[in-house]
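Grab a pencil and open the structure viewer. Below are a few exercises, each with a solution you can follow one step at a time.

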Amino acid sequence: MTATRTFTRVMVTGGAGFIGSNYVHYLLERHPAYQVVVVDKLTYAGNLASLADLDGDPRYSFVRADIADEAAIDAAMQGCDAVVNFAADSHVDRSLHDPGGFIRTDVHGVFVLLEAARRHGVRRFLQISTDEVYGHFPQGGESVETDRLRPRNPYSAAKAGGEMMVNAYVETHGLDAVITRGSNTFGPYQYPEKFIPLMITNALEDQPLPIYGDGLQRRDWLYVRDHCAGVDLVLHRGATGEAYNLGGGNEAVNLDVAKRILDRLGKPHSLLRHVGDRPGHDRRYALSTAKAEALGWEPRHDFSILLAETIDWYAANQPWWRAIKSGEFADWYAKNYAARGVHVG
Ligand SMILES: NC(=O)c1ccc[n+]([C@@H]2O[C@H](COP(=O)([O-])OP(=O)(O)OC[C@H]3O[C@@H](n4cnc5c(N)ncnc54)[C@H](O)[C@@H]3O)[C@@H](O)[C@H]2O)c1
């Protein structure tokens with residue numbers, strides 16, 4: 001039986017991003033006595049509006065810092081007994097345009113955090129990784145944690161590099177670290193460059209929905225609260241040095257997901273626009289989750305309900321995503337999609 005750890009002060013890096021902000025809320029709900037220090041650089045993907053309800057909560061503090069900044073991380077980690085690292089450059093398409101930034105954050109940044117964790121005697125370090133480190137699994141079958149990592153794009157290669165650094169600190173410094181490998185995650189507060197919120201928000205704006213290639217790529221969709229529950233379980237109960245797959249058990253074809261979104265919003269399928277595919281686009285991911293389930297993880301598998309709830313959230317929270325779409329997003333969208341034949345503007 002694995003022992004359950006408890007902590008007093010948890011550093012959550014990347015806590016202003018999509019999964020990180022959901023996790024900060026989850027952590028404080030599940031462990032009301034914990035203190036949480038959110039460290040975030042507030043890149044284009046970081047959004048303090050996602051944490052606004054915590055302003056004034058004495059358990060919560062925010063530090064704006066880059067995880068690759070040694071001095072800032074050293075100061076912020078004072079008194080923390082656990083670190084959960086969500087901070088990352090996280091969008092595959094952007095890693096095709098600017099891979100250097102991904103190496104700085106997803107590899108070097110992890111190293112800076114690990115060094116600080118070692119110096120501060122942090123009792124547990126959790127690295128948030130991704131199913132993409134396995135590369136794709138075009139035919140049937142599922143990735144298990146012992147599979148060889150075969151990342152196929154700069155994002156997933158950088159994430160695999162971060163994992164290797166974590167392993168090195170477990171082996172050479174005896175750091176108590178664990179890794180989670182989540183599958184494609186969806187839910188409230190996701191930056192609208194990602195597939196599901198992009199489809200929903202474009203549909204709400206009556207804009208074309210860009211579908212890469214034939215749209216028959218398959219993803220295993222994981223609801224963000226289920227992802228957070230898995231992370232929390234591994235943080236408290238995972239075995240040192242182990243990686244845990246967190247998959248949603250909701251395998252779906254991208255084109256079908258886009259159609260379901262249009263149907264829910266009462267929009268025509270004529271908004272679907274097939275565009276040039278992403279180079280090296282992974283065809284399919286699928287995870288075995290037996291190891292996390294043996295630890296006690298119980299994700300909800302009702303994709304239809306969770307997708308509908310998510311669509312309704314974006315429909316009801318338009319100021320949140322409209323503020324994003326009118327900013328840096330517009331430049332990114334033009335750069336990524338105009339060349340693929342999507343009318344922008
Ligand atoms: N979204 C998914 O489907 C998914 C699936 C599996 C794993 N993951 C992993 O989960 C983590 C969170 O993903 P997300 O979708 O919430 O990402 P996100 O892009 O929404 O958020 C990333 C956050 O990290 C911050 N950040 C980026 N670089 C930083 C730096 N150098 N220093 C400090 N903060 C920095 C950003 O400001 C942002 O708040 C990532 O590590 C990602 O690899 C994501």
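**Exercise 1: H6 against H8**

Phe-195, Ile-196, Met-199, Ile-200, Ala-203 and Leu-204 on helix H6 meet Asn-254, Val-257, Ala-258, Ile-261, Leu-262 and Leu-265 on helix H8. Keep in mind that this is a predicted model. Work out how many residues in the contact of H6 with H8 are nonpolar, polar and charged, then describe how the two axes cross.

*Solution.* 
- Step 1: Sort the contact of H6 with H8 by class, and you get 11 nonpolar residues, one polar and no charged ones.
- Step 2: Look at the axes. H6 (residues 195–204) and H8 (residues 254–265) come within 10 Å, and their axes cross at roughly 35°.
- Step 3: Check the hand: H6 passes H8 in a right-handed crossing.

**Exercise 2: H4 against H5**

At what angle do the axes of H4 and H5 cross, and is H4 roughly parallel or oblique to H5?

*Solution.* 
- Step 1: Find the axes of H4 and H5, which come within 8 Å and cross at roughly 15°.
- Step 2: Angles under 35 degrees count as roughly parallel, so that crossing makes H4 roughly parallel to H5.
- Step 3: The hand of the H4 and H5 crossing is right-handed.
- Step 4: Pick out the contacts. Residues of H4 including Phe-102, Ile-103, Val-107 and Leu-114 meet residues of H5, among them Ala-158, Met-165, Val-166 and Tyr-169.
- Step 5: Sort by class, and the contact of H4 with H5 has 13 nonpolar, three polar and three charged residues.

**Exercise 3: H1 against H7**

*Solution.* 
- Step 1: The axes of H1 (residues 18–30) and H7 (residues 224–237) come within 9 Å, crossing at roughly 60°.
- Step 2: On the H1 side you'll find Ile-19, Asn-22, Tyr-23, Tyr-26, Leu-27 and Arg-30, which meet Val-224, Arg-225, His-227, Cys-228, Val-231 and Asp-232 on H7.
- Step 3: By class, the contact of H1 with H7 comes to seven nonpolar, two polar and three charged residues.

**Exercise 4: the sheet**

In what order do the seven strands of the open sheet run, and which strands stand at the edges?

*Solution.* 
- Step 1: Read across the open sheet to get S3-S2-S1-S4-S5-S6-S11, with parallel pairing.
- Step 2: S3 (60–64) and S11 (243–246) stand at the edges; each has a single partner strand, so one side of each has no neighbour in the sheet.
- Step 3: Going from one strand to the next, the twist averages 20°.
- Step 4: Zoom in on S2 (residues 35–40), which runs parallel to S3 and is joined to S3 by five bridges. Here Val-37 sits opposite Ser-61 of S3.
- Step 5: H4 (residues 99–120) lies across S1 (9–13), S4 (82–85) and S5 (124–130), at about 175° to S4. H5 (residues 154–173) lies across S5 and S6 (177–182), at about 155° to S5.

**Exercise 5: around the ligand**

Which residues are closest to the ligand, and which element gives the most to the shell?

*Solution.* 
- Step 1: Of the 30 residues that surround the ligand, the closest are Gly-14, Gly-17, Ala-45, Gly-46 and Ala-88.
- Step 2: H1, H4 and S5 each supply at least two residues of the shell, and H1 gives the most, with three.
- Step 3: Split by class, the shell has 12 nonpolar, 13 polar and five charged residues.

Technical notes. Residues numbered from 1 in each chain as written. Predicted model: local features only at pLDDT ≥ 70, side-chain atom pairs only at ≥ 80, totals over all residues. Pairing = 2+ DSSP bridges. Helix = DSSP H or I, 4+ residues; strand = E, 2+ residues; numbered from the N terminus. Axes fitted to C-alpha atoms, helices over the stretch in contact; angles between N-to-C directions. Contact = placed C-beta atoms within 7 Å. Nonpolar A, V, L, I, M, F, W, Y, C, P; charged D, E, K, R; others polar. Near = placed C-beta within 6 Å. Parallel < 35°, antiparallel > 145°, perpendicular 65-115°, else oblique. Left-handed = near helix turned anticlockwise from the far one by under 90°.
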